[in-house]
Amino acid sequence: PPGVLNADIRLAGRLETLDGLVKVNLKEVKVPQAPKAFGLATVDVDTTLRSGRLKSAVKVQQPPLQPLTVDAQLPLDAPALVKDPKLMESLPLQVAVRMAESDLGFIREYAPDLIQSLPARLKLDADVSGTVAKPLIRAAVDLDAAEVGWAKADMPSVRDVRARLRLNDRVLRIEDVSLMMAGGRVKLDGT
């Protein structure tokens, strides 16, 4: 997709004392086949290598969603990795992925003949630790929708939609998936 790309890359020093900076800004990006509610997207990447530590901050802005942020860091011994690239597998990870509660009303654009309104909200929090070869992922996804407005009057009423999903390593736990449908409560939970 078309957009404007700006990049600033700076590296200095010998391999043993390497310092670096990589800044990338991609803006005015129109995502192909995206919902009409989506504005132009922006992606910012800011990565530094200093004193044997690699840090990266990524921010993706895609209105109407709240910004998605990724903050990561890991130790990086460049000379050792050049000698033995397999060392990369044992590097410890620290990654945080966040998206504040965001409006998902645009989903109705995918099924306009079915959904008239969908006041839904989604929140994401995830952390990755462990090593490059064996990452440990902990994540929480929360979804809420007060009511689904159907395009056809003969559809059953659906309200109080709630989903709470938790991931801990390789185990997905459904804390709560529930809704009121046609006057009755439907609820799922489990591992």
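**Ground rules.** I number residues from 1 along each chain as its sequence is written, and I use heavy atoms for side-chain values, with hydrogens and water left out. Since this is a predicted model, local features need pLDDT of at least 70 and side-chain atom pairs count only at pLDDT 80 or more, while totals for chains, interfaces and linings use all residues.

**Entry 1: strand pairing.** I took helices (H or I, at least four residues) and strands (E, at least two) as DSSP runs, numbered from the N terminus. Two strands pair if DSSP finds at least two bridges between them. I began with strand 1 (residues 4–12), which is antiparallel to strand 2 over 9 bridges. Here Asp8 sits opposite Lys23 in strand 2. The hairpin of these two strands has 6 residues between them, and Gly13 takes a positive phi near 100° there.

Next I followed strand 2 to strand 3: the two run antiparallel, joined by 8 bridges. Val24 has Val45 in strand 3 as its bridge partner. Strand 3 in turn pairs with strand 4 (residues 53–61), antiparallel over 9 bridges, and Val43 stands opposite Val60 in strand 4. This hairpin has 2 residues between the strands, and Ser51 in it has a positive phi near 50°.

I ended with strand 4 and strand 5 (residues 68–75), antiparallel with 8 bridges.

**Entry 2: Asn25.** I found Asn25 in strand 2. Is Asn25 buried or exposed? Its relative accessibility is 18%, so Asn25 counts as buried; the cut-offs are under 20% relative accessible area for buried, over 50% for exposed and partly exposed in between, with a 1.4 Å probe and protein chains only. The Asn25 side chain makes a polar contact with the side chain of Asp44 at 2.4 Å. For that term I need a pair of N or O atoms within 3.5 Å; within protein, one must be able to donate a hydrogen and the other to accept it, and residues adjacent in sequence count only if both atoms are side-chain atoms. Leaving out residues up to four places away in sequence, Asn25 touches (heavy atoms within 4.5 Å) Val4, Leu5, Asn6, Thr42, Val43 and Asp44.

**Entry 3: the cores.** A nonpolar core is a set of buried Ala, Val, Leu, Ile, Met, Phe, Trp, Tyr and Cys residues joined through side-chain atoms within 4.5 Å. The largest one has 11 residues, including Leu49, Leu93, Val97 and Val128. Strand 6 (94–103) and strand 8 (120–130) each give it at least two residues. A second, separate core has 10 residues, among them Phe38, Phe106, Leu118 and Ala120.

**Entry 4: aromatic rings.** How many aromatic pairs does a search of the whole structure find? I got 1. The ring centres of Phe38 and Phe106 are 4.8 Å apart and the planes are at 70°, so the pair is edge-to-face. The rule covers rings of Phe, Tyr and Trp (its six-membered ring) with centres within 6.5 Å; planes under 30 degrees apart are stacked, over 60 edge-to-face and the rest tilted. The two residues are 68 apart in the chain. Phe38 is buried at 13% relative accessibility, and Phe106 is buried with a relative accessible area of 13%.
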